Amino acid sequence: MVRRTLVIVLGAVLGGLIAGSIVRAIQIRDGQVGLARYAERLLKSEQQLTEDMEQVKAAVDGDGLSFCSDQELTLMREIVYRSANVRDLGRIRNGHLLCSTNAGRLSVPPSNTAPDLSIGTTQLYIDGPLLFSDHARGFVANMAGVSEVINPLVFKVLDAPPLFYSVLLYDRDTRVVVPAFGHAAPLSSDQVIAGRMVEKDGIFYLPVCPEQGMLCAVASESRSAMLEGNSGLVLGYLASGALLGGALGVIAVLIYRRERSFERQLRRAIKTGDLTLVYQPVVDLDTGKIVAAEALVRWVNDRGETVKPAALVSIAEERGFVGEITTLVLGKAVEELGDLLATSDFRITLNITAEDLMNGRFLPQLARSMLAAGVKARSIGLELTERSTVNQEAAIQALSQLKKAGHTVYIDDFGTGYSSLAYLHRLDAGAIKIDRVFTQTVGTQAVTASVVPQILDMASKLRLLVVVEGIETREQADYFRAAGSGILGQGWFFGHPVPAAQLMKLVQQAPETLLTT
């Protein structure tokens, strides 16, 4: 009970953590989308400022009035009054400011200072001195005869914590970027020009530059601010994640209990001998005589469900008791067919696993069972899938012992796994069972492109017994009968798996009956 509760609690915690990760990712994504919108607003404001400055310059240059005359000063004061961005407007000649709307005509022009950035004929002063006060400073743009002082608060209205702005001057010719307004943005010129989002010290920066113009913007917001938004969404996701995780924990407990129940039922069935055997005939294609049979395990669980052999072998292998199934199958086979095996050349083949192969107790148990039933080793063939022989050196050693004991080793499902015919020679295998996927190509164009002829040819050269699985039609039986002598066939065309008593009757019937069915 404690373990089940712990699994459910852990599931809920894990679900909450996963949900938390998901919701954080969503918050960051939404925050980045909002940051991109904010950056677009900044860019539009910059473009509007640039257009206003150009319009002001054009209006002054084209006024047709005498340079710095009373009429021109009056016109410039009207322009400043109507402008939202220009705070002072002046006229420049030979690099000297001669008049402005705030100072009037200057008898002594102020001294020239070096600009912070020169772009073509425009000189930009980010923190330039202003005439109306010795201590006043501001952004000044001198553009070929016209000097404009820009409102330092032009972008301040766009400050929207937790979103913050930075405005930078951009010289496209030299690729130099210089900070102008707003908050500091620790980005290099290359990063600004690239225009890709950058995260530094927990803050996201998104630079945007227009295709033309001298101003770039950087929008910024901290990761923590993005994660603080929409607490309802966070709580909803966390609750949903915890509930889902808890539900998955319950499902895991139920599956575990079912597997444990399945395992307990299977172990009990092995101990009580409730597993049954059926046998599928193996026929000599030359004569039609049943010369062998493959023993197949069957089990009906407590619910009355017929469990697939692969499922019960899988759980037994996983839990480490598959050898008990092999021992049970061996015991039942020699018990049910012992007389037939002891008095004829009939052979029963049993499926074994890699675990059986590596188990040091398997061979002695096999020998004891045959001795008790009076059955010779040649009457018991052992089938392994190709995957069971992946560990080559160990497989070679184990199969060598089986051959010395007199057993024929079959490599099952041949052609679908890891083996090659050369490797079979090293394994000392005595037989191969050609997988049904190759049998199904008979009667189709695919047979001409399949490897069946090559397999049969090499098997003949290596003197390997060949059993063809999955024969379901006369055409398939005829094809492999004509392919060479001594080939054995197995499949529904010759009979479904049947209990021992029914197999005995089939063995006794006339051989030609099977081939003419």
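Among contacts in the chain between residues at least 6 apart in sequence, what percentage join residues at least 24 apart? The share is 62%, where contact means heavy atoms within 4.5 Å.

## Basis of the model

This is a predicted model, in which local features need pLDDT of at least 70 and side-chain atom pairs count only at pLDDT 80 or more, while totals for chains, interfaces and linings use all residues. Residues are numbered from 1 along each chain as its sequence is written, and side-chain values use heavy atoms, with hydrogens and water left out.

## The chain as a whole

The chain has 17 helices and 21 strands, taken as DSSP runs (helices H or I, at least four residues; strands E, at least two) numbered from the N terminus. Of its 517 residues, 45% are buried, a term for under 20% relative accessible area, with exposed meaning over 50% and partly exposed in between (1.4 Å probe, protein chains only). The chain exposes about 26900 Å², of which carbon and sulfur atoms supply 55%; the areas come from the Shrake-Rupley method with a 1.4 Å probe, and for residues only the protein chains shown count as cover.

A nonpolar core is a set of buried Ala, Val, Leu, Ile, Met, Phe, Trp, Tyr and Cys residues joined through side-chain atoms within 4.5 Å. The largest has 73 residues, and those with the most contacts inside it include Leu266, Tyr279 and Ile380. Helix H7 gives the most to this core, with ten residues. A second, separate core of 45 residues includes Leu35, Met53, Cys68 and Met143.

Leaving aside neighbours within four places in sequence, Ile380 is in contact with residues including Val334, Leu341, Ile348 and His407. Helix H7 bends by about 75° at Leu337, the bend being the angle between axes fitted to the seven residues ending there and the seven starting there.

In helix H16 (residues 500-508), Ala500, Leu503 and Leu506 are buried. They cover an arc of only 115° around the axis, so they lie on the same side of H16; the arc is that of the directions from the helix axis to the C-beta atoms. The face turned away from this buried side carries the exposed residues Ala501, Lys505 and Gln508, and what covers the buried residues includes strands E13 (276-284) and E14 (290-300) and helix H7 (322-343).

Leu456 lies in helix H14 (residues 452-461) and is buried, with a relative accessible area of 13%. Apart from neighbours within four places in sequence, Leu456 is in contact with Ile434, Val466, Phe480, Ala483 and Ile487. The C-alpha atoms of Leu456 and Ala483 are separated by 7.8 Å, although these residues are 27 residues apart along the chain.
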